[in-house]
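Let's take a friendly walk through a protein fold. Have a look at the sequence and the structure first, and then we will follow its strands together.

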Amino acid sequence: MHVDAHDDEIWAVLEGEITFFVGEQQYDLGPGDVAFGARGVPRRHVVRSPESRLLVTSVSTGIAEWFTRNGTPVAFAGELPPFLGLDAALGPVGAYDLHVVGPPGNGE
């Protein structure tokens with residue numbers, strides 16, 4: 001078992017049989033099945049077949065929270081959200097355990 005303090009994980013079984021333990025829950029999965037491990041919840045897995053393939057997606061909750069706090073929902077695809085200046089966007093990143101390590105790229 002391990003606990004990840006910052007990332008959620010999504011596991012999709014592509015081949016084989018895998019059991020996931022998330023907190024007190026047990027999920028016996030086969031091809032096409034998906035499980036979710038939330039940050040802060042103990043988790044592990046056991047492969048129950050001779051061979052397996054697993055797709056793992058790790059979602060950094062720090063960046064997700066930053067997008068939630070700084071984003072503005074729009075009702076229509078063509079609608080533009082209000083302007084958010086670079087200083088306003090980058091100012092609070094430390095609160096989400098994110099670290100800016102260089103200037104913005106020039107698009108190349």
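Which residue in E5 does valine 22 stand opposite? Valine 22 faces arginine 43 in E5.

Before going further, please note that this is a predicted model, in which local features need pLDDT of at least 70 and side-chain atom pairs count only at pLDDT 80 or more, while totals for chains, interfaces and linings use all residues. Residues are numbered from 1 along each chain as its sequence is written, and side-chain values use heavy atoms, with hydrogens and water left out.

Strands here are DSSP runs of E with at least two residues, numbered from the N terminus. Two of them pair if DSSP finds at least two bridges between them.

**The sheet with E2**

This open sheet has 3 strands in the order E3-E2-E5, and their pairing is antiparallel. At its edges lie strand E3 (25-29) and strand E5 (43-47), each pairing on one side only. From one strand to the next, the twist averages 15 degrees (angles run from 0 to 180 degrees between N-to-C directions, with axes as lines fitted to C-alpha atoms).

**The sheet with E1**

Another open sheet of 3 strands has the order E4-E1-E6, again with antiparallel pairing. Strand E4 (34-37) and strand E6 (53-60) are at the edges with a single partner strand each, so one side of each has no neighbour in the sheet. The twist averages 15 degrees from one strand to the next. Within this sheet, alanine 12 stands opposite leucine 55 in E6.

| Strand pair | Direction | Bridges |
|---|---|---|
| E2 (residues 18-22) and E5 | antiparallel | 5 bridges |
| E1 (residues 7-15) and E6 | antiparallel | 8 bridges |

Key:
Helices (H or I, at least four residues) and strands (E, at least two) are DSSP runs, numbered from the N terminus.
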